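This report describes the chain folds, helix packing and chain contacts of the structure shown below.

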Amino acid sequence: MSTETPTRAAPEGPPPTKGVGRPGDRIFSGTALAAALMILVTLAGVAFFLSIEGWPAFTADPEEIPGDGGFAGFVSPLLFGTILVSALALLFAAPVAVGIALYISHYAPRRASKTIGYVIDLLAAVPSVVFGLWGLQVFAPYLGPAFYWLEENLGFIPFFAGPVADSGRVMLTAGLVLAVMILPIMTAVCREVFLQTPRLHEEAALALGATRWEMIKMAVLPYGRSGVISGAMLGLGRALGETLAVTLILAVNPTLITFNLISSQNSSTIPANIALDFPEATGLDVNALIATGLVLFVLTFAVNYLARWVASRGFSGAAG
Amino acid sequence: MSVPRDERTVAGHTAVDRSAAPDSPENVTVRPDSSGLTPELFGTPEPSSPPERPADTGTGLGQSGKLPSALPPALLLLAAGVSAAVLLLFDTWSWTGTAALTALVYTVGIYVLARAVEGPRRAKDRFVTALVSIAFVLAMAPLVSLVWTVASRGAARFDLQFFTETMTGVVGEGGGAAHAIVGTLMITGLASLISVPIGIMAAIWLVEYGGGPLKRIITFLVDVMTGIPSIVAGLFAFALFSTLLGEPGHRSGIAGAMSLSVLMVPVVIRSCEEMLKLVPDELREASFALGVPRWRTITKVVLPTALAGIATGVTISIARIIGETAPLLVTMGFTVGFNFDMFGGRVATLPVFTYDQFVRRGLPPEAFVDRAWTAALTLIIIVMLLNALARLISYLFAPKTGR
Amino acid sequence: MSKRIEVNDLNIFYGKFKAVEDISMVIEPRSVTAFIGPSGCGKSTFIRSLNRMHEAIQGAYVTGEVLVDGQNLYSPATDPVNVRRQIGMVFQRPNPFPTMSIYDNVIAGYKLNAKRMNKATADEKVEKALQGANLWNEVKDRLSESGSSLSGGQQQRLCIARAIAVEPEVLLMDEPCSALDPISTLAIEDLIQELKAKYTIGIVTHNMQQAARVSDRTAFFNIAGTGKPGKLIEMDSTTTMFSNPKVAATNDYISGRFG
C-alpha cells in the first residue's frame, strides 16, 4: 500500500498520547497562531475603531450633520450613489469579462491566451489614481458626443434626461471607467472557472456534433454559472470600495439622489465623499465621515461574504 | 497543440442530407496554463449532467457548405470600408464610429453568410466568435489609450529635476517629486516590515499547524480582508491612532503604513499559503524521519523550498499597495518637503502627490498637471518593474522539487 | 548499532478508525524482515508506527507497546522526535532536499538539528555514509551539486545515505524500490544485504520476489475487508513462508490467488 501520510489534515478523534513537548515547537507554533489570530483581531479592530469614532455621528443632533434627517439622511444619497455607480460598472463589465474569459479558455490559441491573460493582468496593476486622471482628461471628453447623442435620441428615458455636462464628468463615465477597473478580477475568476469545466463533458458535447458555441452553452456555462456569479460579486465588492477614480471623475453633489446618468449633477459615493472632505474636515464632520466608512465596510463585507457563499454553494450544494 | 480546426470540408454543395453530417468533432481547445489564481473558493466541483444531443436543424440549402477561410478577414475589410464610407457620407466620421459600425456590419454579415452557406448552427457559432472577439477589443482599447496617454503626457516633466527636487518653496513651475518618491519608499518599506512577518507566520499556521473550525474561520476572514476597501483601511488606521493617542486629527507615517498593512497582509497570506502547499509532503516526511522537530522542519526545509515563491508573492503584494492613494490621503495627507519622522506629521507619497498636484492646481495650471502626469508615469513604471521582478524571481529561483 | 525490536499487542488508530489490530512480533538485530500483504492491509501503517511517523497525522494514536532493546517507544516520557533520531526511514519516492547539495543532504540529520561538528568530522561522516550506501564513487567529485541532479536510483541511495549517516539503531524502508527501474532496484537490494551486517532492517514491499530475495524473515499482513483493521496473519523465516506456510491465506497470497 503506498503511503500518503498527510502531515496536516485530521480525521477527528481522541488525541495521541503526547510525549515530551518541545519548547521550540511550542514557541514557534504559538507565534504562528498569534499571527493567524491577528487577522481576527484586525478585522474586529476595524469594526471596533470605526464604530467608536463614528458613534458621535450616529447619536448627534440631526442639525449638526450636513444634509437633512441626521445621519441617515446624510449617508443615504452617498449610499445610493455608491450602489448606482457600482451597478453600472457591473453591468458593463460582466458580459465583457465573460466574453474574454471564454475567449481565453476556449477560442484563442495557447500562446495568445497567455499573452491576453498577461495583458488583462496589466490592467489590474494600474493604480486607481491613474485611471482617475485618464478618465477625467481623456475618456470623459471623448464620450461627450456620445452623451449628446443619447440625450437627443433616448432622452425620454430618465437615465439619459440630460442636460449633458460638457466636461463629461458624469455618472456614466465613472461607471464605464470602474467597469474597466474591475474587469481584470472578474475575467480572472471566470477564466479559472471555465478552464475547470470537466473535459469529459466538453468532449461529450463535441462528439455529439456540437459546434464550439453549442458545446460552451451545454457544458461550460452551466458548470461555471455559480463561479461567474461569484466573480461578479467580487467585482461588485471592488467597485463599491473604489475611491480615487470616482473622486477625480465625478462632479458631485453629495446630497443628491438622481438616476440621471449624463447630467452635471451627480450623486456622490461614500469613498469619494470621504476623499474629498476628509483632509479639511474637523470635529463632528470627521466622525460623520468615519461613520459612512463603517457603513461601506459593512456593505462590502456582506457582498464579499455572499460571493464566497455563492461559490461554495454552487458546487457542494445539491449533491452534498 | 493546434488551434481548433473547423470541420472537414465536404466538396460540392448539392443538397446532401441532414446537417448532422460532416461536422467532425473539433479538437478540444487547448488549455492555457492557469495564471496561478487558485479558486479554492470553489471547492470540489459537482459534475453537471452530460449534455443532450443538439436538435437537428433540418435540411436546407447547401447545409454542408463551408465558408472559405479567407472570407472572414475579407469581410472585415469590406465592413470597414463600407462603414467609413457611410460615415463620411453622413459627415460624422470618427475612428470610434467606424470601428463600431465595422463591428456591427461584420457581425451581421458573417452571420447572414454563414447561415446561408453553413447552416444555422455554424452561423451561430461564428456570430458568437465575433462577439467574443469584440469583447476583447473593448477591453484592450482603454488600456492602450491609458498607457499611451500616461506615457505621452508624462514625458513632459520626466527630467532629472523631477526626481531630485521637492516642492518646497515652489509656487509654479519647476519643482519635483523627490520627497514623494522617498516617502513612498519609506512608507512601503514600513508597511512591508509589518505585513511580511505577520503574513508569513499566519500562512505557516494555516498550512502547517491549523485545523478545525478556527482554520476555517481564519481562512474566511483572510478572504474578507482581501475585499476591504482601501479607504476603510485608511479610516481604520486614522481612528485607531486618534483613539489611542487621544489626538482628534492624527496624521503620521506610521498610521499610513498601518493602513497599507491591513491591505497587504491578506495578499501575503494568500500567496504564501499557495507556495507552502506546493512544497511536497515527502520533504516534510523525510525531515520528520530524521528526527527533526516540526518547527525546524518548517524553517529549514519547507521555507527554503518555498522561498522563491514567497518572494514573488511579497513582491506582488508590494506592487498592489504601492499605488494606493485613498488610505494615505486620509492618514497622511500631503506635504511639500521631506519628512523622515514616521511618527509625526504628514508624509508625501507619490500617489497622493499625483492627486494633489492635479486637484489643487495653482498657476500656471499646466505646470501642476504636467507634474501630476509625470508622477503617474513614474508610478506605473514602478508597478510594472515590481511585477517584472516578481516574475523574474519566480523564474530564476524556483527549485526543482523532484519530478 | 542494531537493536532488537519487540512489538506487543499493538493497535493503531486514526481517530475512531482502527487501522491495524493486535500485532505482536519480534525482530532480531542484524536481520532483514520483510512485510508483505495486499494493498491497504496496514503494513505501511505498521512500519510507520515503529518510528512514530504515523503521528504526523493528527488524531493518530496507538495502544500496546513497541520495545526497542527493552525501551518502550510509546511510554509517555518518550519524545517522538528522539525516537526518530534512532530509527531511520527511507520512503517510496526518493525525497532529497531540493535546496541542499548532496553533501548537505547526507549530513542533514545533523545540520537540521543544529548539531555542530567541525568540517573534518562532517567530511568523514559523509564519506562513510555514502560508502555505506554504495554511492560514494559516483558522487565523490560532485558533492556540492544539488541533490536533485541525480538519477532516481542514485537519489534513493542518497536518501539511504542520509538515513544511515546519523547512525540509527534500526532502518525502516517503506517500499523503497517501487519508484525505481530494475537495475536500480537490484543495486538497492544488494545494498540491503550489506547493510544487514550493521543494522536491523524492516522493509515493506509489494513485490514478493523482492521479499524472497532480500529478507531473512517475512511477516504477512492481511485485511478481512475494507473498513476492517489489518492483522498479522503469519510470520516466519522467509524460506518457510515461501515454501511451506502454515496458514492457508498466506499460501493463497504467495501463490498469487489474491492480492
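Chain A contains 10 helices and zero strands. Along the sequence, the pattern of chain A reads α-α-α-α-α-α-α-α-α-α. The model is a predicted one. The C-alpha trace of chain A spans about 75 × 60 × 35 Å along its principal axes.

| Helix pair | Angle | Axis separation |
|---|---|---|
| Helix 4 (residues 128-154) and helix 5 (residues 171-195) of chain A | roughly 135° | within 10 Å |
| Helix 5 (residues 119-132) and helix 7 (residues 152-165) of chain C | about 125° | 8 Å |

In chain A, the axes of helix 4 and helix 5 cross at roughly 135°, which makes helix 4 of chain A oblique to helix 5 of chain A. The crossing of these two helices of chain A is right-handed. On the side of helix 4 of chain A, the contact is made by A:S128, A:F131, A:G135, A:F139, A:A140 and A:L143. Helix 5 of chain A contributes A:T173, A:V177 and A:M181 to that contact. By class, the residues of the contact between helix 4 and helix 5 of chain A are six nonpolar, three polar and no charged.

In chain C, helix 5 and helix 7 pack at an angle of about 125°, and helix 5 of chain C is therefore oblique to helix 7 of chain C. Helix 5 of chain C passes helix 7 of chain C in a right-handed crossing. The residues in contact are C:K125, C:A129, C:L130 and C:G132 from helix 5 of chain C, and C:A161, C:I164 and C:A165 from helix 7 of chain C. This contact of helix 5 with helix 7 of chain C has five nonpolar residues, one polar and one charged.

Between chains, 104 residues of chain B are in contact with 110 residues of chain A. On the side of chain B that touches chain A, helix 3 (residues 120-154) of chain B gives the most, with 20 residues. The residues on that side of chain B divide into 67 nonpolar, 21 polar and 16 charged.

Chain B is itself divided into domain 1 (62-153) and domain 2 (162-397). Taken over C-alpha atoms, the centres of domain 1 and domain 2 of chain B are separated by 43 Å.

Definitions and conventions: Residues numbered from 1 in each chain as written. Chains lettered and ligands numbered in written order. Predicted model: local features only at pLDDT ≥ 70, side-chain atom pairs only at ≥ 80, totals over all residues. Domains from an automatic or database assignment. Axes fitted to C-alpha atoms, helices over the stretch in contact; angles between N-to-C directions. Helix = DSSP H or I, 4+ residues; strand = E, 2+ residues; numbered from the N terminus. Parallel < 35°, antiparallel > 145°, perpendicular 65-115°, else oblique. Left-handed = near helix turned anticlockwise from the far one by under 90°. Contact = placed C-beta atoms within 7 Å. Nonpolar A, V, L, I, M, F, W, Y, C, P; charged D, E, K, R; others polar.
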